[in-house]
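Please look at the sequence and the 3D structure below before reading on. The report then describes the overall fold and one part of it.

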Amino acid sequence: MKQKIDGALFRRMVISASAAVDLNKQKINELNVFPVPDGDTGTNMCRTLSSGIESATSSDSLGEYLKGVSSGMLMGARGNSGVILSQLFKGFYAELAKEDVVNPGQVKNALISAYKTAYRAVVHPVEGTVLTVAREGIENIKGQIYGSATIGDAFSMYLAEMRKSVLRTPDMLPALREAGVLDSGAVGYIAIVEGMVRAFYGDPVTCDGMALPGK
């Protein structure tokens, strides 16, 4: 099992993530009722991530590759969901900026940095959104990422915890409860992480689609 991620592997992971959210963007758009029911969350997240991929230069150094991805996402962020997604990647990059390869503990720290950066970027953070799911996803399992835990373990636990967390979003946000939907940004982010995990395990998302949480 892979114990480290370098720039080349992470590039494959984000390309898979982009395919995952692109395949599911219409379903994600249909969940979009908060903060404005404009039906574009999936589209905005897809375009934001694509902007990062297009701006990044291939590199074996993870920090160097992340620099391009993060910068491109920040410059090309679309809508609220795209801005928050770009901040999540900004925080991930900030923790790993000087690293060529990373281990499970560093991935854990980067995921913590990701949600904290996103929270700081929002003037009035609202619980029951992607912010909550990204936070609970790592905070609820960070104590399990030690010793013999692999990077695959870390990402898989993160994903599993976020899938549980997103099911609780209607309990936290009345707009979601009234519409009978899950938070669209959180569902989109889970699709992105799912795409990353699949590429990590050598099964990148291409055109076969994915099951969304609660479906």
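What follows is a short report on this predicted model.

## Overall make-up

The protein contains 11 helices and 0 strands, and reading along the sequence gives the pattern α-α-α-α-α-α-α-α-α-α-α.

Along its principal axes, the C-alpha trace spans about 45 × 35 × 35 Å. A compact globule with 215 residues would have a radius of gyration near 17 Å, and because the protein has 16 Å, its value agrees with that expectation.

## Burial, contacts and surface

Of the 215 residues of the protein, 54% count as buried, where buried means under 20% relative accessible area. Among contacts between residues at least 6 apart in sequence, 69% join residues that are at least 24 apart.

The accessible surface comes to about 9300 Å², and 50% of this surface belongs to carbon and sulfur atoms.

## Helix H1

The buried residues of H1 are Gly7, Leu9, Phe10, Met13, Val14, Ser16, Ala17, Ser18, Ala19, Ala20 and Val21. What covers these buried residues includes helix H2 (25-31), helix H3 (41-55), helix H4 (62-76), helix H5 (79-96), helix H8 (151-166) and helix H11 (184-200).

Methods. Residues are numbered from 1 along each chain as its sequence is written. This is a predicted model: local features need pLDDT of at least 70, side-chain atom pairs count only at pLDDT 80 or more; totals for chains, interfaces and linings use all residues. Side-chain values use heavy atoms; hydrogens and water are left out. Helices (H or I, at least four residues) and strands (E, at least two) are DSSP runs, numbered from the N terminus. The radius of gyration is taken over C-alpha atoms; the globule rule is 2.2 Å times the number of residues to the power 0.38. Buried means under 20% relative accessible area, exposed over 50%, partly exposed in between (1.4 Å probe, protein chains only). Contact means heavy atoms within 4.5 Å. Accessible areas come from the Shrake-Rupley method with a 1.4 Å probe; for residues, only the protein chains shown count as cover.
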